[in-house]
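Subject: Structure handover and notes

Hello,

Please find the structure below, handed over for your use. My notes on it come after.

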Amino acid sequence: MFLPKDVFSTVIESTPLVSIDLVIKSKQGQCLLGYRTNRPACGFWFVPGGRILKGERVDTAFSRLVKAELGVDMTMSQAKSLGVYDHFYDDYVFGEGISTHYVVLAYEIEVDIKVDALPTSQHSNYKWFDVETLLADESVHCHSKWYFNKASY
């Protein structure tokens with residue numbers, strides 16, 4: 001369920017949001033990041049993902065997000081859990097003045113996809129990165145780097 005802007009702003013100001021981040025690895029060992037066009041994390045390379053909606057089971061949210069973000073049908077049983085993370089931001093989806101707290105369930109999946117066919121609602125561009133390159137790149141958001149510091153590549 002999507003909420004009206006004023007209601008959602010109150011939710012963001014009052015509670016953490018629960019989301020899923022998708023750490024996407026190619027068969028060649030590269031990792032997919034998108035260049036964020038929306039707050040929070042606007043202007044950074046970031047892993048795809050999204051919020052779990054009220055009344056939505058985690059496994060259903062996972063499949064919905066993989067389909068929406070990558071155009072691929074996949075179940076959570078095909079993914080590897082990377083754990084739970086807290087992401088804190090000074091801004092929120094509608095601007096500044098409200099901070100955002102996400103409780104993030106991170107999952108790694110292996111899939112080879114063409115970046116030119118991916119949606120542009122959250123990211124203006126996509127790119128495959130070598131892990132060493134993304135860890136050294138200042139334009140990759142620190143929250144995304146956490147997954148690669150802990151993951152075994």
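Predicted model: local features only at pLDDT ≥ 70, side-chain atom pairs only at ≥ 80, totals over all residues.

Residues are numbered from 1 along each chain as its sequence is written, and side-chain values use heavy atoms, with hydrogens and water left out.

Pockets

Rolling a probe the size of a water molecule over the atoms shows where empty space is left. The search uses a 1 Å grid over the protein atoms alone; a pocket is an open set of points where a 1.4 Å probe fits, with protein on both sides within 12 Å along at least five of seven lines, and lining residues have an atom within 4 Å of a point. Grid points are joined across faces, edges and corners, and a volume is the space filled by probe spheres set on the points.

The largest pocket has a volume of about 690 Å³. It is lined by 36 residues, and those closest to its centre are Gly 49, Gly 50, Arg 51, Tyr 102 and Gln 122. Two or more lining residues come from each of α1 (5–14), β1 (17–25), β4 (49–51), α2 (58–70), β5 (80–89) and β6 (100–110). Helices (H or I, at least four residues) and strands (E, at least two) are DSSP runs, numbered from the N terminus. Sorted by class, this lining has 21 nonpolar, 9 polar and 6 charged residues. Here Ala, Val, Leu, Ile, Met, Phe, Trp, Tyr, Cys and Pro count as nonpolar, Asp, Glu, Lys and Arg as charged, and the others, Gly among them, as polar.

The second largest pocket has a volume of about 200 Å³. Of its 11 lining residues, Leu 3, Val 11, Arg 51, Ile 52 and Lys 54 are the closest to the centre. The elements giving two or more residues to this lining are α1 and β1. Its residues divide into 9 nonpolar, no polar and 2 charged.

Strands around β2

Strand β2 (residues 31–36) has 5 of its 6 residues buried, so it is largely enclosed by the rest of the structure. Buried means under 20% relative accessible area, exposed over 50%, and partly exposed in between (1.4 Å probe, protein chains only).

Two strands pair if DSSP finds at least two bridges between them. β1 and β2 pair in the antiparallel sense over 2 bridges, and Cys 31 in β2 is the bridge partner of Lys 25. These two strands form a hairpin with 5 residues between them, and Gly 29 in the turn has a positive phi of about 90°. β2 also runs antiparallel to β7, to which 6 bridges join it; here Leu 32 has Trp 128 in β7 as its bridge partner. Strand β3 (residues 45–46) is antiparallel to β2 as well, with 2 bridges, and Trp 45 in β3 is the bridge partner of Tyr 35.

The loop between β2 and β3

Pro 40 is in this loop. A cis peptide bond joins Arg 39 and Pro 40, with omega about -15°. Ala 41 is also in the loop between β2 and β3. Although Ala 41 is not a glycine, its phi is positive, at about 70°. Ala 41 is buried, with a relative accessible area of 8%.

His 123 belongs to strand β7 (residues 123–129) and counts as buried because its relative accessibility is 1%. Contact means heavy atoms within 4.5 Å. The C-alpha atoms of His 123 and Pro 48 are separated by 8.4 Å, with the two residues 75 apart along the chain. The side chains of His 123 and Tyr 126 are joined by a polar contact of 3.3 Å. A polar contact is a pair of N or O atoms within 3.5 Å; within protein, one must be able to donate a hydrogen and the other to accept it, and residues adjacent in sequence count only if both atoms are side-chain atoms.

Ser 144 lies in helix α4 (residues 142–150) and is buried, with a relative accessible area of 0%. Leaving out neighbours within four places in sequence, Ser 144 is in contact with Trp 45, Phe 46 and Val 47.

Lys 67 is in helix α2 and is partly exposed, with a relative accessible area of 41%. Not counting residues up to four places away in sequence, Lys 67 touches Val 72 and Asp 73.

Regards
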